[in-house]
Amino acid sequence: MFVVENVIQSVLRKNSDSPLNILLIGQGNEKYTSLLCKTPHNFFLWESPWNDLVEERPENLTVIDQQWPTRYFDMAICNDRFDEYNHAASLATRFHFPLLLIDHCSSNVLARTDAFAEVSVDSPQSLLKSPHAIISRSQYVNESWPHGKLRLVIPAAVDPEKFYIPSERVKDPEIGANLTERRLVFDNSVSPQVGQVIFGAMGDKPYTVIPTDSPMADKRRIYQQGDYFINPKNHVTIKMLEAMLCGNIPVCFNRPDIASFIENEKDGFIVNDLSQLSSLISRLNELSESERQEISENARQKVISTHLSHEEFVSKWESVFNYMKSQYYTAEV
């Protein structure tokens with residue numbers, strides 16, 4: 001009965017301007033999902049917890065389990081080509097709605113993980129998917145995957161007015177009263193083991209480490225206390241973009257998606273392995289203030305020049321959602 005109702009509602013809604021009901025499959029996407037929620041639609045996160053320490057949950061997003069709300073869905077979005085896609089495709093086929101895939105990373109890293117994880121698949125063919133549309137976060141990511149039906153590049157949105165380099169850095173008492181002169185902002189959404197490995201490689205040097213995930217609602221205050229942003233992931237994260245906007249010099253590990261974005265020693269630094277991390281931080285500490293400011297400003301301008309304003313992001317996604325309405329009758333994935 002639900003399938004029949006959903007088909008009927010698709011017919012009625014194809015030319016409607018009312019908000020769409022969009023099912024989201026996958027977890028750990030709080031930052032990007034918050035950007036999607038700036039569009040005027042209703043979003044439903046399927047069986048995944050929302051981490052308020054990363055980002056406050058938008059008002060137009062509801063976390064649901066298998067007890068579906070008494071409403072139909074217009075489409076589904078998933079965020080990777082592994083198990084999330086297969087689950088989303090089964091739901092799309094079962095309940096007759098189209099499916100959209102977001103490629104956050106390239107085929108060269110396969111999946112978003114920490115920089116030290118080995119990701120492999122038994123059959124590369126299993127990653128060749130056929131959703132109704134694919135959105136890539138960069139041209140590099142887009143070109144790494146075989147093209148299918150509709151395929152577009154929509155970079156993430158950034159807000160340079162909200163995230164900016166302060167004219168003067170004043171110690172924030174909520175972050176800590178005994179901050180060292182040089183401070184590391186760290187994306188702590190990794191396992192404790194990964195964190196221990198990274199900071200173990202840095203030796204006993206006294207740095208204040210400021211985690212990104214915290215109860216503090218204004219994440220800008222975290223980045224504005226930092227000098228360097230340590231990205232432990234194998235891809236370009238939104239946290240990294242926010243930190244760069246605030247002048248943090250990004251320090252990343254040499255992975256293809258990172259190397260396609262960071263120009264080493266100009267707007268960030270890339271190390272090949274952990275053994276280089278300690279000496280790099282020591283080297284950065286020896287930079288003159290003018291050299292540090294130049295790299296910080298380069299990092300900020302790199303983000304601004306390669307990403308969208310919130311208005312541009314919403315406009316491009318609205319066009320995608322309008323296209324998805326034309327796919328209401330072809331839910332074959």
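Figure 1. Of the 333 residues in the protein chain, 52% count as buried, where buried means under 20% relative accessible area, exposed over 50%, and partly exposed in between (1.4 Å probe, protein chains only). This is a predicted model, in which local features need pLDDT of at least 70 and side-chain atom pairs count only at pLDDT 80 or more, while totals for chains, interfaces and linings use all residues. Residues are numbered from 1 along each chain as its sequence is written, and side-chain values use heavy atoms, with hydrogens and water left out.

**Figure 2. Overall fold and dimensions.** The protein chain has 11 helices and 12 strands; helices (H or I, at least four residues) and strands (E, at least two) are DSSP runs, numbered from the N terminus. The radius of gyration is 21 Å, close to the 20 Å that the globule rule gives for 333 residues, so the chain is as compact as a globular protein of that length. The radius is taken over C-alpha atoms, and the rule is 2.2 Å times the number of residues to the power 0.38. The C-alpha trace spans about 65 × 40 × 35 Å along its principal axes. Among contacts between residues at least 6 apart in sequence, 66% join residues at least 24 apart; contact means heavy atoms within 4.5 Å.

**Figure 3. Surface and charges.** The mean positions of the 32 positive and 44 negative charges are 2 Å apart. Lys and Arg count as positive and Asp and Glu as negative, while His and the chain ends are not counted. Each charge is placed at NZ of Lys, CZ of Arg, CG of Asp or CD of Glu.

**Figure 4. The largest nonpolar core, around Phe313.** A nonpolar core is a set of buried Ala, Val, Leu, Ile, Met, Phe, Trp, Tyr and Cys residues joined through side-chain atoms within 4.5 Å. The largest one holds 50 residues, of which Tyr32, Ile77, Leu100, Phe313 and Trp317 touch the most other members. Helix 7 (residues 238-245) supplies the largest share of this core, six residues. Apart from it lies another core, of 21 residues, among them Ala115, Val251, Leu280 and Ile295. Not counting residues up to four places away in sequence, Phe313 touches Tyr32, Leu35, Leu36, Ile154, Pro155, Ala156, Ala157 and Leu308.

**Figure 5. Two residues with positive phi.** His96 is not a glycine, yet its phi is positive, about 60 degrees. His96 sits in the loop between helix 3 (83-95) and strand 5 (99-103). Leu110, also not a glycine, has a positive phi of about 70 degrees. Leu110 belongs to the loop between strand 5 and strand 6 (133-136), and it counts as buried at 17% relative accessibility.

**Figure 6. Ala133 in strand 6.** Ala133 is part of strand 6 and, at 1% relative accessibility, counts as buried. Leaving aside neighbours within four places in sequence, Ala133 is in contact with Leu99, Leu100, Leu101, Leu150, Tyr323 and Met324. Ala133 and Met324 are 191 residues apart in sequence, but 7.9 Å apart in space, C-alpha to C-alpha.

**Figure 7. Arg182 in a loop.** Arg182 lies between strand 7 (150-153) and strand 8 (183-186). With 15% relative accessibility, Arg182 counts as buried. Beyond its neighbours within four places in sequence, its contacts include Arg169, Asp227, Glu289 and Arg292.
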